[in-house]
Amino acid sequence: METGLNESKAVPVQGVKKRGFLSQLGPAFITSALMIGPGSLTLSSKIGAIYGVQLIWALVIIVFFMMIFTEMSTRIGLAANESFIQVMKKKWGRTASIFIGIGAFLVTASFQAGNALGSGLAVSLVTGTSANLWIVIVTVLGIAFLFSKNFYQILEKLMLGLVLLMLFSFAVTVILAKPSLTDMLAGFVPVVPDGSLPLIIALTATSFSIVGACYQSYLVQEKGWKVEHLSSGVRESYLGIFILGLISLMLMLSAAAILKPQGIAVNSVSEMGLALEPAFGNWATVLFMLGLFGASFSSLMGNATIGGAMLSDGLGFGSRLTSKMVKGLIILVMAFGSIVGIIFGSAPVNMIIFAQAITIVIVPFIAVAILVIANDEKIMGALKNTLWKNIVAIAGLAVLILLAVNNIMTIFFN
């Protein structure tokens with residue numbers, strides 16, 4: 001099977017029937033929901049609580065790079081007749097395809113405990129019941145969604161609903177916080193306050209999700225988009241990432257306005273929600289926890305879907321969400337995160353180090369693979385990268401390599 005464009009796909013077709021606006025947001029929202037999990041919520045809140053609005057510029061750069069790689073992946077999904085990993089198998093061999101599949105699985109599985117814990121904790125803090133009980137319930141709920149008819153359509157609508165829930169919850173939070181507009185604008189000027197570099201690195205590592213960006217190509221094909229959907233697909237991928245970046249910004253602004261004046265450093269995202277209660281009452285905490293649940297459950301479902309589908313594809317079993325193998329591996333990721341969360345109460349240090357070690361190798365490799373395919377005219381045809389997109393993508397790749405070097409220094413030399 002050829003990986004190049006068909007003759008009929010060489011030029012975007014005009015006059016495509018317009019679809020509903022929300023119906024086009026599905027793939028972008030599934031991908032971008034990975035940016036907003038418990039880890040990135042905690043980091044955004046912590047940064048705001050310690051440094052106020054001084055690091056808004058860093059968030060803007062992270063979102064920009066994520067947009068570029070997601071957009072490249074969108075075009076790859078439109079142009080190639082096969083999945084990303086199968087294209088890589090033809091270009092670099094079976095070893096490379098297996099490496100990408102296993103690497104994506106390990107990366108997503110390693111961070112799944114935090115997603116399970118965040119989902120359970122959000123409900124338990126509101127209801128006063130056991131977090132472990134809710135971890136089990138949300139995991140079973142996720143598995144039930146997996147076996148529902150038309151899983152992709154269910155997943156798409158679920159992600160859209162959870163993102164809208166996050167938007168509403170955190171928008172109300174920032175309105176209550178009443179941050180200074182003047183201070184916010186000042187945050188777009190790049191500065192690196194003393195002691196802030198580790199938090200900038202952590203925010204980049206959690207929010208610049210190359211594995212998530214890569215899976216955008218799978219979602220585009222699962223959706224059935226064609227080259228004639230190029231303009232709308234790219235636009236919606238940009239919008240999806242922008243909205244998730246906006247959620248991080250709202251959390252940062254809220255923490256800067258509420259927590260920084262009190263000198264409260266956020267060690268968990270639940271502290272951010274509880275800090276609202278003295279000023280705005282219990283209902284504000286409940287609203288914030290709804291947003292936390294939306295972020296955690298969307299990442300729980302999204303991470304598991306990516307890890308299961310890409311491992312299955314890497315092993316040669318395909319990536320379609322209707323496949324029994326894909327569903328089985330998705331369940332494996334979900335169950336792994338829940339069991340670790342219940343047993344340890346958080347991701348163990350050894351698991352965090354393992355996740356960092358995997359990320360050091362796999363993330364830059366996938367980023368290079370995306371860039372290489374996006375510049376292959378035999379595969380991409382008219383959708384090949386432009387010069388300015390290559391310049392920005394290479395800058396983003398440089399950031400990922402610097403993160404990898406930092407992780408090497410941290411893990412092996414400290």
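Visitor: How many aromatic pairs does a search of the whole structure find?
Guide: The search finds nine aromatic pairs. Please bear in mind that this is a predicted model.

Visitor: What sort of aromatic pair do Phe 293 and Phe 297 form?
Guide: Phe 293 and Phe 297 are stacked, with 5.5 Å centre to centre and 10° between the planes. An angle under 30 degrees counts as stacked.

Visitor: And how are Phe 293 and Phe 297 separated in helix α14?
Guide: They lie four residues apart in α14 (residues 282-314), so about one helical turn separates them.

Visitor: Is Phe 297 buried or exposed?
Guide: Phe 297 is buried, at 2% relative accessibility. Phe 293 is buried as well, with a relative accessible area of 18%; the cut-off for buried is under 20%.

Visitor: Which residues form an aromatic cluster?
Guide: One cluster consists of Phe 64, Phe 65, Phe 69 and Phe 208.

Visitor: Turning to helix packing, at what angle do the axes of α7 and α15 cross?
Guide: The axes of α7 (residues 131-146) and α15 (residues 324-344) cross at roughly 175° and come within 10 Å. Angles over 145 degrees count as roughly antiparallel, and α7 and α15 are therefore roughly antiparallel to each other.

Visitor: Which residues meet there?
Guide: From α7, the residues include Ile 135, Val 136, Ile 143 and Leu 146. On the α15 side, Lys 327, Ile 330, Ile 331 and Met 334 are among them.

Visitor: What is the make-up of that contact by class?
Guide: The contact of α7 with α15 has eight nonpolar residues, five polar and one charged.

Terms used:
Residues numbered from 1 in each chain as written. Predicted model: local features only at pLDDT ≥ 70, side-chain atom pairs only at ≥ 80, totals over all residues. Heavy atoms only, no water. Axes fitted to C-alpha atoms, helices over the stretch in contact; angles between N-to-C directions. Helix = DSSP H or I, 4+ residues; strand = E, 2+ residues; numbered from the N terminus. Parallel < 35°, antiparallel > 145°, perpendicular 65-115°, else oblique. Contact = heavy atoms within 4.5 Å. Nonpolar A, V, L, I, M, F, W, Y, C, P; charged D, E, K, R; others polar. Phe/Tyr/Trp six-rings, centres within 6.5 Å; stacked < 30°, edge-to-face > 60°. Buried < 20%, exposed > 50% of the residue type's maximum accessible area, 1.4 Å probe, protein only.
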